[in-house]
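Let's take a look at a protein chain together. The model comes up below, and a short tour follows.

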Amino acid sequence: MMRKLRYFFGGRLFPCALLFVLSVLGICAIALWLPRALAPVALAERIFSLVAALIIVCSREQPEFKLPKVVLIVFLPWTGAILALCWRRKSPLKTKFSAHAETDVGIRGRMQSISEHLCDLKPCLARTVEYFPVGREMYERMLPDISNAKKMIWLEYYIVAHGAFFHALSPLLERKAKEGLDVRILYDDFGCAFTLPKHFEREQAKLGVKAYALRRIRFPSRAANRRNHRKIAVIDGEIAYTGGINLADEYIGETIRFGHWKDTAVRVTGAPAAEFAKLIAEEMKDCKVPEITENEGEIPCAVIADRAADSMHRAGLSALCSLVSAAEDYVYLNTPYLAPDAGLIAALSSAAIAGKDVRIMIPHIPDKKMTFEITRSYARELIDSGVQIREYTAGFLHAKSVVADGKHCFVSTYNLDFRSLYLQAECGLYAEDENLAESLKRDFLSAWEAGTPVKNASPFEHGLSALLRLFAPLI
């Protein structure tokens, strides 16, 4: 705890947070004082709030994003209007992708189309895809791969933390850097505000490792709310890892937080590794993406990814809706946070009403109280539509995976909430493979059997969740 506080107060997040709080308090004070001091200011306040509300209402944002901003404007005319305008999203980028594409291409064709047209990545074939039902298994597989690397090691993670995981990894990275390999660590500046010191980049440079803080914390900044939430490791352009597991001890069971930490990841070899390398290369200008023969494998794959930017269609949301809507028999989903938009709610509900076996696992032990109440609120709504939902009782469920119809698999960094689906940089791997699907299904059903139903809400919880859901897109 002391280390986290030291990193926080010594890093970039503390001065930005302090400036933000002081700015909000200053605006509130002025907003409360001026109307009493000068009548015309009250009129200006109403005109300014009206203009801000019209700008928000006429924007091309989803209704779920507009509503909490309009409420802020009504409740805090000056402060709310300024915050709403600061949080306003840019006009979405146009794409050549149609949200109403033909459905007869099947799930694989749909996923590959999303990868090609929304992500600018190539549909490809993998030689192997290996599933890890817990972080420890990925850790034990990943370290030997890094130790045996011959060309390059690129790591991009939302959280990197000092601890047993990183202390086992760091000597390998130092040794490989001294051997002349291209070794890089990319990490999100906000995600590591409590886990890494301010001088981490200089520390790694002394070891020969190139470290980069992505989306640096600045105030004021319209981009401050958009984080890089990806978890990717690429080794020699031949091996890649992705999933929900960060480079921190709780993900591999070295530190116990909220009970057993349930997470998932995949290891893929072949052409998909080069596609993941392209995602990392976008964040840097001084590297070359390794080339690989595309048709060496037999497992159809598609790398799905979103940048932290506005677009007409988000790849992750399109992929999830496609998996749910096109599933013929069943679709099982793991997510730590459940706050889907109206389109995904409709897809899940329609699939359940049509008689498909739709199940979702969520945590039972929360890591964040507010998001947990929001998750349970949306879970109850979906249960009323026929979706089956249980809570993972052994601890905190951080897994982000989908399996459908015994062959379609999607292991990713996407949570089923507004932040992942609309704001953050995310990624994942779709694969059509019966053996992989069997592993995901078996793991899901094992947790499902030990799960517990979502409890009914008390009157207080109903009121609290109604308030929190109003601001769910901003949390």
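Predicted model: local features only at pLDDT ≥ 70, side-chain atom pairs only at ≥ 80, totals over all residues.

Residues are numbered from 1 along each chain as its sequence is written, and side-chain values use heavy atoms, with hydrogens and water left out.

The protein chain holds 16 helices and 19 strands, which are DSSP runs (H or I, at least four residues, for helices; E, at least two, for strands) numbered from the N terminus. Of its 475 residues, 54% are buried, meaning under 20% relative accessible area with a 1.4 Å probe, protein chains only. Take contacts (heavy atoms within 4.5 Å) between residues at least 6 apart in sequence: 81% of them join residues at least 24 apart.

The chain's mean is 87, and 88% of residues reach 70 or more. Over residues 94-104, though, pLDDT stays under 50.

Now for the helix pair:

| Helix | Residues |
|---|---|
| H7 | residues 135-147 |
| H8 | residues 164-178 |

H7 and H8 pack at about 15°, their axes 9 Å apart. That angle makes H7 roughly parallel to H8, a label for angles under 35 degrees. Among the residues making the contact are Met 138 and Tyr 139 of H7, and Phe 165 and Leu 169 of H8.

Key
Buried < 20%, exposed > 50% of the residue type's maximum accessible area, 1.4 Å probe, protein only. pLDDT = per-residue confidence, 0-100. Axes fitted to C-alpha atoms, helices over the stretch in contact; angles between N-to-C directions. Parallel < 35°, antiparallel > 145°, perpendicular 65-115°, else oblique.
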